[in-house]
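Here are my notes on the structure you asked me to look through. They are meant for someone who has not seen it before.

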Amino acid sequence: MSNIITLKNVSFRYGEKTVLNSIDLQINGGEKVVILGVNGSGKSTLLKIMNGILFPEKGEFLYKNEKITEKRLKNKNFAKKFRREVVLLFQNPDSMIFNPTVYDEIAFGMRQFGLDDVDKRVKIWTERLGISDLLNRSPFELSGGEKQKVCLASLLSLQPQVLLLDEPTANLDPRSTGWLIDFLQELDITVITTTHNLGLALELGNRAVVLSENHEIVYDGEITEFIKNRELLEKANLVHKHKHRHGQIYHSHFHLHDEY
Ligand SMILES: Nc1ncnc2c1ncn2[C@@H]1O[C@H](COP(=O)(O)OP(=O)(O)OP(=O)(O)O)[C@@H](O)[C@H]1O
Ligand SMILES: [Mg+2]
C-alpha cells in the first residue's frame, strides 16, 4: 500500500491558541484510521488540514507525496482533482448544506466536477442511504441524521479516494450507525474518522491515532491495544470517573464513556 497522507511536524494555532502540536502522521491508501481525543483536542482541525481548508502554521501536509499549500490549490486543475479525491463530512452538517432541494444538494458536487449520469448517481446513493423519499425536500428542514445522510450521499457520489468523517455517527440512530459501519468496512478507500465513542472506534477502523489535551499524538497503533491500556486511556482522558448506584450502594470507579 502506498502512502497517501503525510503530516510532517504539523502545528496549528487559532490566534494565540495552539490546537495541534508537532503532529507526525503517515497514512497508506486503503487504511481505516480512527482519531480519538477529548473535546477541543484538535480532531476537527486535523481533518480540516487533511482536507486542504486549513493550512499548517508549521510543518507540511502532503497528499500523494505532493505538498498541499494555499498556492498549490490556486491551480484550478490541481484543486479540482484534490477536492474530488479528498472529501470531508463536517461535524455539523448545517455548514455543508446550501441548495434548495435534497436532489440539488447531492447533484451539486457531481455537476461541479462534470460527472456523467448525475440523475442515475443521485438515485443510487439516495437508495443506498435510505433517503429516496427526501429528494424534493429542502435540506434545511431535515432532522440532524437526515441532513448527515444527504451530506454523505453528496460526498460518496464523487467516488473519493480519501473519506474524512468528523463524528459521523453523532446524529445517527443505531440502525443507520450499523449501516455506516458495514458500508465503511466494505469500502476499499482510505477512511479517517473521528469519534469519542471507544466502542464504535473498534468497528470504524483498526488503527487509532489519539490526541491529548496538549494537542499531541499520544498513541498511534492498533485500537485493540489502546483500549486495553488503562494508563493511556487515562492519559488521553478517554475514561472517566463518576458515581454509580447499585441498589442502595453508591460507589465510583473509572469506566469508558459509552456502551463498550
Ligand atoms: N475557528 C476557530 N477559531 C478559534 N478557535 C477555534 C476555532 N475552531 C476551533 N477552535 C478551538 O480549537 C480547539 C480545537 O478545536 P477542534 O474543533 O479541532 O477540537 P475537536 O477535538 O474536534 O473537539 P470536539 O470533540 O468538541 O469536536 C478548541 O479549543 C476550539 O475551541
Ligand atoms: Mg470536532
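1. Two strands count as paired if DSSP finds at least two bridges between them. Helices (H or I, at least four residues) and strands (E, at least two) are DSSP runs, numbered from the N terminus. This is a predicted model, in which local features need pLDDT of at least 70, side-chain atom pairs count only at pLDDT 80 or more, and totals for chains, interfaces and linings use all residues. Residues are numbered from 1 along each chain as its sequence is written, with chains lettered from A and ligands numbered from 1 in the order in which they are written.

2. Strands β7 (residues 162-166) and β8 (residues 190-194) run parallel and are joined by five bridges. Val162 has Thr190 as its bridge partner in β8.

3. Both strands belong to an open sheet of six, in the order β6-β7-β8-β3-β9-β10, with mixed pairing. At its edges are β6 (86-89) and β10 (217-222), each pairing on one side only.

4. Which residues lie around ligand 1? They are Tyr14, Val19, Gly37, Asn39, Gly40, Ser41, Gly42, Lys43, Ser44, Thr45 and Gln91, where a residue counts if its C-beta atom, placed from the backbone, lies within 6 Å. Helix α1 gives the largest share of this shell, three residues.

5. Phe78 lies in helix α2 (residues 76-85). Phe78 and Asn99 are 21 residues apart in sequence and 25 Å apart in space, C-alpha to C-alpha.
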